[in-house]
Amino acid sequence: MNDTLDLGPSPRILFLCDHAQTVRAQLAGASLSRAEAGALRDDISTDEITPVSIMSHYDESLARFPYTGFVAQGERPIPAGAVQSAGFRVTVGGSRYGKGSSREHSPAAEKLAGIRLVIAESFERIYRQNADNIGLFTSTDLGLVQRLQRGEAIAVDELVAGRDALAAAIVRSDGLLRFGQQHLLGAEPVALDHGECPRTLFEKIVQRHLLRTPVTPDAPRAGEGCFVRADWRFIHEYYTGMAAHMLHATLGRPLVLREQETVVVFEDHTSYVDESPAHRGSPLLPNMHAMQQAQRTFARDYGLRQHRTLTEAEAQADDGSNVAGISHAMMAELYALPGQLVAGTDSHTPHSGALGCVAFGVGTTDMANAFVTGAVRLTVPAVLRVELEGPLPAGVAAKDIALHLLQLPGIRAGGGVGKVFEFGGPALRALSTDERATLTNMTAELGGLTGIVEPDAETVRFLRERRGVHFVLEPWMKSDAGATYHDVIRVDCGSLSPMVARPGDPGNGLPVDALPEAVTVDIAYGGSCTAGKREDFDQYHAVLAWGLANGLTVPPRVQLFLQYGTTAVRDYCVAQGYDRTFAAAGARILQPSCGACANCGPGSSTDAGQVTVSAINRNFPGRSGPGQVWLASPATVMASALAGQLTSFSGLQRARG
């Protein structure tokens, strides 16, 4: 790699700003100063950089699509091909750039379109790590804009200044795959340190999985980079084709995969792609099928364990072969155990942290490198303690706690980015494992690396009753008294009430009873990894059964979709007779898949004027169709479906007298 980034005398710079017309003017040839660009857009999500509808592309064709989902003033001003044809070399955005999904398609599309440097006020962890891994420069120094416009070359040392040493080394190596082949083959475990220093559970688990390399410390501190061994690595269809493509292009065929028995492959996002409003009749649909097949071929060629979309016959089988569902939900149902370390290509991998393991999301190159070296990249984070105090009121669920945390000013300002959220306190201990998983799952929206809960008797019960695993907790599987936390967030759970989040961002939370006006609902959706678990369906059933008993069904103008997270959840609901209640109330039942949460199945909106109330985890623009998505708990979603407008279950009960 060159020692400087030299973009020439007058490189084109794209300011992703608040005004759609200003963005269009730049595409048409206008060159703006930082002041002329005006306010920069904050919270630009990966759903906006590369919408899910184009994620079937995983090669050079991605170059046409950066920012095609970008929203300014309610408009999408950047069409396909515009960034590449306009010759932009630098992108400038606001704070929390790249939040949301772990999709590496976003920085890959930027780089392939000609972008060499992304400058933003701050970055989300996974996006920036993905950019490092493919050799796309990033910087939080907005002062670089004027210097670049003067034609200055910027030293690479300056671009990586302030980054941890590992990130800097990967950037200088022009990406992680080359770095891994140079430094990670044959990495051995670091000897276990039984020192007296008090540690958090997260720190203990990481220490037990550390790998020794020539370029990382044996005892990394917060902010330093390292590599760890994962007990489980998993990947799904949006990433496998890209991983296979880059591995074969870089290392040839056949590959030698490390510990392939600990790799699990899932087909979970695109199970309903043929019915997806975003893909039905689209020229991209054949690409989606090709992407599915690319994963199946890779899994077959390398003998990997896989869970794939079920045919109708397979879905009805009773021989134990019909095991499928959302990847990170299935990791908790079938694989992850307390004290383990799990890495997956999905930002909601922290779901399994409810069991007391370290589980975090990574990008495509991270996983590709982990396949062939056995080493997973980790920047050691600080740990936040979330103390959930007091009893939860009736009708308040873990989803309401998550939406409360997301609207806190410190979290909205990025205070959770890259951190570990350790959940504890009396209210936490009273929660079931399914409810705890809602909290750890949504640390992705909080900006965190992961969420974790100390395993306890409830964890042991879950493993025994759900999985038939008789697990004995070891004394070390808890945080030590006196362990150091970056901060402690205390939540008076007794003061909480059912929450919703306004469209556009999960952080737009407020109590549903505080809505200033009635909000009419067109679509209600219950499902996803966050809300497709067994006890989420207990909540759906409780509300709908009450409605039927009180003469209520879903109004004809409201579409209600319920989608199981896994086949185990489906089988539970059928055994309980829930499916009959759901059908009687007017719900359409869907087999396990990510579905509408990923804008890849029934339940997504089809028109910008539609309003959805959804139990999914995020509502960034375009995330679940072109309409407006409100987030809520399972009970609130069902109550709103019955009422035809946003309301809590208690509010619906009061309205019925």
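This is a short tour of a predicted model, stop by stop.

**Stop 1**

Strands of a sheet pair through backbone hydrogen bonds, in either a parallel or an antiparallel way. This sheet lets you see both.

**Stop 1: strand 26 and its two partners**

Select residues 628-632, which make up strand 26. Pick out Val 613 and find its bridge partner, Trp 630 in strand 26. Then take Ser 614, whose bridge partner is Leu 631.

Stay on Leu 631 and turn to strand 20. Here Ala 501 stands opposite Leu 631. Strand 20 and strand 26 pair in the antiparallel sense, over two bridges.

How many of the five residues of strand 26 are buried? Four are, and the strand is mostly covered.

**Stop 2: Arg 623**

Follow the chain from strand 25 towards strand 26. Arg 623 lies in the loop between them. Is Arg 623 buried or exposed? Its relative accessibility is 8%, so Arg 623 counts as buried.

Show the side chains of Arg 623 and Asp 47. A polar contact of 3.2 Å joins them. Then widen the selection around Arg 623. Beyond its neighbours within four places in sequence, its contacts include Ser 101, Arg 103, Ala 596, Cys 597, Ala 598, Asn 599 and Arg 618.

**Stop 3: helix 22**

Select residues 457-467 for helix 22. Begin at its start. A side-chain oxygen of Asp 456 reaches to within 3.1 Å of the backbone nitrogen of Glu 458. Go to the other end. Gly 468 follows the helix, and its phi is positive, near 70°.

Now colour the buried residues of helix 22: Glu 458, Thr 459, Val 460, Phe 462, Leu 463 and Arg 467. An α-helix has 3.6 residues a turn, so residues three or four places apart point the same way. What do the buried residues of helix 22 pack against? Show helix 15 (327-335) and helix 20 (433-441) to see their packing partners.

**Stop 4: aromatic rings**

Display the rings of Phe, Tyr and Trp. A search of the whole structure finds 15 aromatic pairs. Start with Phe 179 and Phe 227. Their ring centres are 6.1 Å apart and their planes lie at 20°, so this pair is stacked. The pair links distant parts of the chain, 48 residues apart. Phe 179 sits in helix 10 (residues 176-183), while Phe 227 sits in strand 9 (residues 225-228). Phe 179 is buried at 1% relative accessibility. Phe 227 is buried too, with a relative accessible area of 0%.

Move on to Phe 298 and Tyr 302. The ring centres are 4.9 Å apart, with the planes at 50°, so the pair is tilted. Phe 298 is buried, with a relative accessible area of 3%. Tyr 302 also counts as buried, at 12% relative accessibility.

**Stop 5: cysteines**

Cys 357 is buried, with a relative accessible area of 0%. Then jump to Cys 17. Cys 17 counts as buried, at 0% relative accessibility.

Key: Residues are numbered from 1 along each chain as its sequence is written. This is a predicted model: local features need pLDDT of at least 70, side-chain atom pairs count only at pLDDT 80 or more; totals for chains, interfaces and linings use all residues. Side-chain values use heavy atoms; hydrogens and water are left out. Two strands pair if DSSP finds at least two bridges between them. Buried means under 20% relative accessible area, exposed over 50%, partly exposed in between (1.4 Å probe, protein chains only). A polar contact is a pair of N or O atoms within 3.5 Å; within protein, one must be able to donate a hydrogen and the other to accept it, and residues adjacent in sequence count only if both atoms are side-chain atoms. Contact means heavy atoms within 4.5 Å. Rings of Phe, Tyr and Trp (its six-membered ring) pair if their centres lie within 6.5 Å; planes under 30 degrees apart count as stacked, over 60 as edge-to-face and the rest as tilted.
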